[in-house]
Amino acid sequence: MTSRSTTTFPNRHPHMRTSRLAPLLLLAPVLAAAPCGAQQSRTAPPAERTTALRGDMMGILSINGRTEHVWVDTARGIDVRAGGEIALREHAGDVETIPAGGYLTVQQRVGSSLHRAEWHPAAGGGVTRSYSVDGERRPFAEARPWLEVFFPEVLRNSSIGARARFARVLAQRGVAGVLAEAEATQSGSARQVYLEGLAERDMTAAETHGFLRAVSGMRSSSSKRDVLLKTAAKRPLSADQWAAWLDAAGSVGSSSDRRELLRLAVAKHPRGQGLPAGFYHSLDGISSSSDRREVLTGLLAARGSEPGT
């Protein structure tokens, strides 16, 4: 009996570059499933070209410059794929806008039946829709009761429509609403989109604290938290906010990234004075002795002292 591999991509982002090997690794399940010598049609819709992917996954794939949002749960018969910046009408179970070349396919097993809906851009503008049950075409109107229930789950478990959702939530519920969505989502990619959207906005003291706590709790790579914290430091921060900022900096695992964050904190404090205790906790957590030495040298220079004095 052949075991099924499970692959997860919880925190991939559309702007993140992959290594040269990454596209080959991501294509491996497709190549393994394709018949020997088989060739894929260049005119096939992107969703059709990726249906050979096997195993469970949640995240964003980037292959040959094409970004695809994916959520696959084989146990529940769920297969969701999207390309392009799509805006969803989440409560209506429909797509509001879809760009040229974009697409959305959602599939879920409900009871013993497999439901599938697809959206593509129409030739003259707008959106084309199709719906099938167990491969048999049905009127799209019959899909709405299923989609109205399923779409909120799609949003919680994927980054599909995250940018449009960020703008809508911000307009309706403000920064606090976006932070609540960032905490609730199961998608690290969606959380990254929400926090990036907030990073350069003016926020109240309480909102800034909430933002920094959210950054500290991110499960994404150090480099993503590093970028968010550097952006947040462009605005004036109170002593309490700097304490929260340094707590978040202490969650950055990369020695070089944390070094640069602490050097930034020193630069933002005249003569290196008034740094919260979190600065020294974060400094102590740097694994590289040379990186710690560089931060301390910069701190002493800011205070007008020479190393060793």
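These legends walk you through several close-up views of one predicted model.

**Close-up 1. Helix H7 packs beside helix H9.**
Two packed helices are described by the angle between their axes and the distance between the axes. Here, H7 covers residues 222-232 and H9 covers residues 255-268. Their axes come within 10 Å and cross at roughly 10 degrees. Angles under 35 degrees count as roughly parallel, so H7 is roughly parallel to H9. Look for Ser222, Ser223, Asp226, Leu229 and Lys230 on the H7 side, where they meet Asp257, Glu260, Leu261 and Leu264 of H9. Sorted by class, the residues of this contact are three nonpolar, two polar and four charged.

**Close-up 2. Helix H9 also packs with helix H11.**
H11 runs over residues 289-302, and its axis lies 9 Å from that of H9. What is the angle between H9 and H11? The two helices pack at about 5 degrees, which means that H9 is roughly parallel to H11. From H9, the contact uses Ser255, Ser256, Arg259, Glu260, Leu262, Arg263 and Val266. H11 brings Asp291, Glu294, Val295, Gly298, Leu299 and Ala302. Five nonpolar, three polar and five charged residues make up the contact of H9 with H11.

**Close-up 3. Seven names to find around the second largest cavity: Ala87, Leu88, Leu155, Gly161, Ala164, Arg165 and Arg168.**
A search of the whole structure turns up two cavities of 30 Å³ or more. The second largest cavity, shown here, has a volume of about 30 Å³. Which elements give two or more residues to its lining? They are strand S4 (87-89) and helix H4 (162-184). H4 gives the largest share, three residues. By class, the lining has four nonpolar, one polar and two charged residues.

**Close-up 4. Arginine 163 and glutamate 85 form a salt bridge.**
Side chains of opposite charge can pair when their charged atoms come close. The structure holds 15 salt bridges, and this view shows one of them, in which the closest N and O atoms of arginine 163 and glutamate 85 are 3.5 Å apart. Arginine 163 sits in helix H4, while glutamate 85 is in the loop between strand S3 (78-83) and S4, so the pair ties together parts that are 78 residues apart in sequence.

**Close-up 5. Aspartate 134 and arginine 271 have positive phi values.**
Most residues other than glycine have a negative phi. For aspartate 134, however, phi is near 55 degrees. To find aspartate 134, look in the loop between strand S8 (127-133) and strand S9 (136-138). Arginine 271 is not a glycine either, yet has a positive phi of about 55 degrees. Where is arginine 271? It lies in the loop between H9 and helix H10 (277-284).

**Close-up 6. Glutamate 118 sits in strand S7.**
Strand S7 spans residues 113-121. Follow the chain from glutamate 118 to valine 106, and you cover 12 residues, but their C-alpha atoms are separated by 6.6 Å. Which residues touch glutamate 118, leaving aside its neighbours within four places in sequence? The contacts are Leu104, Thr105, Thr128, Arg129 and Ser130.

How values were computed
Residues numbered from 1 in each chain as written. Predicted model: local features only at pLDDT ≥ 70, side-chain atom pairs only at ≥ 80, totals over all residues. Heavy atoms only, no water. Axes fitted to C-alpha atoms, helices over the stretch in contact; angles between N-to-C directions. Helix = DSSP H or I, 4+ residues; strand = E, 2+ residues; numbered from the N terminus. Parallel < 35°, antiparallel > 145°, perpendicular 65-115°, else oblique. Contact = heavy atoms within 4.5 Å. Nonpolar A, V, L, I, M, F, W, Y, C, P; charged D, E, K, R; others polar. 1 Å grid on protein atoms, 1.4 Å probe; cavity = no way out; pocket = protein on both sides within 12 Å on 5 of 7 lines; lining within 4 Å. Points joined across faces, edges and corners; volume = space filled by probe spheres on them. Salt bridge = Lys/Arg side-chain N within 4 Å of Asp/Glu carboxyl O.
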